[in-house]
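Please open the model in your viewer and keep the selection panel at hand. The tour begins inside the chain and ends with its overall form.

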Amino acid sequence: MSGLKLDLSNVYSFVSEETILGYKDEANAHQKALYEKTGAGSDFLGWVELPSEISEDHIKDIENSATLLRSKVEVIVVVGIGGSYLGSKAIITALGGNFDEFDESTPKIVFAGQNIGEDYLNELLGILDKRSFAVIVISKSGTTTEPALAFRLLKNQLEEKVGTENAKELIIAITDKARGALRQLADQSGYKTFIIPDDAGGRYSVLTPVGLLPIACAGYDIRKFIEGAKAFQQKNTGLDIPFESNPSALYAAARNALYRTGKTTEILANYDSRLIYFSEWWKQLYGESEGKENKGIFPASVNFTADLHSMGQYIQEGERNLLETVLSVEKPDSSLSIPEDQENLDGLNFLAGKRIDEVNKMAELGTLLAHVDGGVPNIRIEIPKINEFHLGELVYFFEKACAISGYMLGVNPFDQPGVEAYKKNMFALLEKPGFEEETKAIKERVKK
Ligand code: PA5
């Protein structure tokens, strides 16, 4: 049963409901192009049917590998960047507690390869020195510098610690079926591998082993996660679902309609600190998919109510190019009421007996109304609870909406040509073989 709700009523004073519903034919045509694979980037549409196509054997293989690793080590290091990092990080953070550092259960899941911080890596190696650990290394291309660097260090340390033969049993590679340095390294070293399907791009790969294996290693139920995505895929979006009942298509239409009126920045706001990395995943999905050809909504995020005491000022009164999407969770996992205090020195007795969540919800509603009054249209997305099922729904909702939205914008939502520019400069500056011309040119440039 799908529980995700989309509310566009606080957008209608900026763009009318009629305007949004006017996107119907466009949205239907883009959906058709996604299913018939006739649009831009049609080689990367494996994610569209993914939730309903994952086989029992594949799920079991992932679960068995996770159970085995969990039984062997205290720490599992997940190495990857971008789409090979943010999906699992988002789901594991959302499903984990807020104070995981005090939880003594193992294994702990940590991440590497998402930065090139010398101190980050040194600190991690120091921690791993005193603990048993395994490594899941993820790279679709198999050639990305950040994870490759981190993996070289971790592999060295693991081999020194347990020996090359034992290390083999503690390393899993997730990569392309044939291409790339990681595939070659994994095959030569005899690591267990999982394949990233050719037609699932990095940021659309959370429902492949890229996301599923780390999530299973963290102890969460990947079957429920897949089930949530599948339920959403089948019941809420697809060619047989009318535009008016398709939340992904409506969200895509609303943000494009707003973009066309000058709302060039979208802020994803949450009121639950566990969603902080979900916003990071969302930013990557939308930023990398839409920011092209000098077009696209800039995706930003805030964590409320904390950021109401910082970014709240800007949102209320800064540049009026903002739209806000609120990610709301209907029910917290636990219950906590505010106690009565006889002296009432803090003046809070008017809240006595109320749930903490009621205060949070009134902060959310009050903020929404204030932001709308201040000229910021608000889209509201609600899920009943933070659990595997509803996160699965949310992932599929946003993926489908992003694809439709990218097509509405007139870009290919499945490539990322712009990411190459920094790499070219970095390789030239580091004098990578094959970059001699670029090295010469860039050295001239930075000398000036
Ligand atoms: O969405 C994408 O395609 C990118 O963010 C990639 O996931 C990221 O660059 C990592 O690539 P790879 O998995 O090839 O190392």
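**A buried pair of rings**

In this predicted model, begin by selecting F232 and F397, both of which are buried. Colour the two helices next: F232 belongs to helix α11 (residues 222-236) and F397 to helix α16 (residues 388-409), so that the pair links distant parts of the chain, 165 residues apart.

Now extend the selection to Y251, F278, W281, W282, Y286 and F398, which ring pairs link with F232 and F397 into a cluster.

**Lysines over ring faces**

Move on to K192 and F194, where the lysine lies over the face of the ring, at 4.7 Å from its centre. Then select K432, which lies over the face of F427 at 4.0 Å from the ring centre.

**The whole chain**

Finally, show the chain as a cartoon, in which 18 helices and 10 strands can be traced. The C-alpha trace spans about 60 × 60 × 55 Å along its principal axes, and the radius of gyration of 23 Å agrees with the value near 22 Å that a compact globule of 448 residues would have. Buried residues make up 50% of the chain, while, of the contacts with a separation of 6 or more, 78% come from residues 24 or more positions apart. If you display the accessible surface, about 20,800 Å² is on view, with 52% of that area belonging to carbon and sulfur atoms.

How values were computed
Residues numbered from 1 in each chain as written. Predicted model: local features only at pLDDT ≥ 70, side-chain atom pairs only at ≥ 80, totals over all residues. Heavy atoms only, no water. Helix = DSSP H or I, 4+ residues; strand = E, 2+ residues; numbered from the N terminus. Buried < 20%, exposed > 50% of the residue type's maximum accessible area, 1.4 Å probe, protein only. Phe/Tyr/Trp six-rings, centres within 6.5 Å; stacked < 30°, edge-to-face > 60°. Lys NZ or Arg CZ within 6 Å of the ring centre and 35° of its normal. Rg over C-alpha atoms; globule rule 2.2 N^0.38 Å. Contact = heavy atoms within 4.5 Å. Areas by Shrake-Rupley, 256 points an atom, 1.4 Å probe, with all protein chains shown as cover.
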